[in-house]
Amino acid sequence: LLKRISFTVNEQEVSMEVDVRESLLEVLRNRLGYTGAKKGCGVGECGACTVLVDDTPIDSCIYLAVWADGKKIRTVEGLAKNGELTEVQKAFVDEGAVQCGFCTPGLIMTTTALVERGEKLSREEIKRELSGHFCRCTGYKQILHAAEKCLNNICKSNE
Ligand code: FES
Ligand code: FES
């Protein structure tokens, strides 16, 4: 069963027919070419597929594309403007929070959403907020440092 849906991805209007069984991740990666969001587990456990839906981080592998109708989707491709990384992206680079990079887009999107919420978070609260993301490489310490750098108002998102 196909259904026509309309939404925005990184401020671009999209109108397309999707199979009602397709995930948002499949549509973004396979049909629209936004390969920043990664497919790790495919079952909502690892956070590699995280994108923002109306500014809230979601696991796009378990989010049906039809649910995106009328919504604002943001992926990691939409963050840097004119080749300039956001402060969140820079913090991940500066703190060495990237190794293979597979988990990075998801973590960047969740951290961006936290920065935009504008709340001051303790280290424990940041850990809780990022607990839906698995990283097989970094040991999490550098990721935590990067997130803390942003969330302690040392940096702000470009948005
Ligand atoms: Fe979506 Fe793992 S691929 S949570
Ligand atoms: Fe490799 Fe996180 S940097 S999984």
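A few ground rules first. Residues are numbered from 1 along each chain as its sequence is written, while chains are lettered from A and ligands numbered from 1 in the order in which they are written. As this is a predicted model, local features need pLDDT of at least 70 and side-chain atom pairs count only at pLDDT 80 or more, whereas totals for chains, interfaces and linings use all residues.

**Exercise 1. Find what pLDDT the protein averages, and the ipTM and pTM of the model.**

Step 1: Recall that pLDDT is the predictor's confidence in each residue, from 0 to 100. The protein averages 95 on this scale, and 96% of the residues score at least 70.

Step 2: Turn to the scores for the model, which are ipTM 0.99 and pTM 0.95.

**Exercise 2. Describe the domains and how they touch.**

Step 1: Locate the domains, whose bounds come from an automatic or database domain assignment. Domain 1 covers 2-78 and domain 2 covers 87-154. Their C-alpha centres lie 21 Å apart.

Step 2: Count the contacts, where two residues are in contact if their C-beta atoms, placed from the backbone, lie within 7 Å. On the domain 1 side 15 residues take part, and on the domain 2 side 12.

Step 3: Ask which elements give two or more residues to the touching side of domain 1: they are β3 (50-53) and β4 (56-59). Strands here are DSSP runs of E, at least two residues long, and helices are runs of H or I, at least four, numbered from the N terminus. The largest share, 3 residues, comes from β3.

**Exercise 3. Work out the strand order of the open sheet and how its strands pair.**

Step 1: Write down the order of the 5 strands, β2-β1-β5-β3-β4, with mixed pairing. Two strands pair if DSSP finds at least two bridges between them. β2 (12-19) and β4 are the edge strands, each pairing on one side only.

Step 2: Take β1 and β2, which run antiparallel and are joined by 8 bridges. Phenylalanine 7 has valine 14 in β2 as its bridge partner. The hairpin of these strands has 2 residues between them, and asparagine 10 takes a positive phi near 50 degrees there.

Step 3: Move to β1 (residues 2-9) and β5 (residues 72-74), which run parallel with 2 bridges. Here threonine 8 stands opposite lysine 72.

Step 4: Finish with β3 and β4, an antiparallel pair over 4 bridges. Leucine 52 stands opposite proline 57 in β4. In the hairpin of β3 and β4, also with 2 residues between the strands, aspartate 54 takes a positive phi near 45 degrees.

**Exercise 4. Decide whether valine 53 is buried, exposed or partly exposed, and list what it touches.**

Step 1: Apply the cut-offs: a residue is buried if 20 or more other C-beta atoms, placed from the backbone, lie within 10 Å of its own, exposed if 12 or fewer, and partly exposed in between. Valine 53 is partly exposed because it has 18 such atoms within 10 Å.

Step 2: List its contacts, not counting residues up to four places away in sequence: Ile58, Tyr63, Ala68, Lys71 and Ile73.

Step 3: Valine 53 and tyrosine 140 are 87 residues apart in sequence and 25 Å apart in space, C-alpha to C-alpha.
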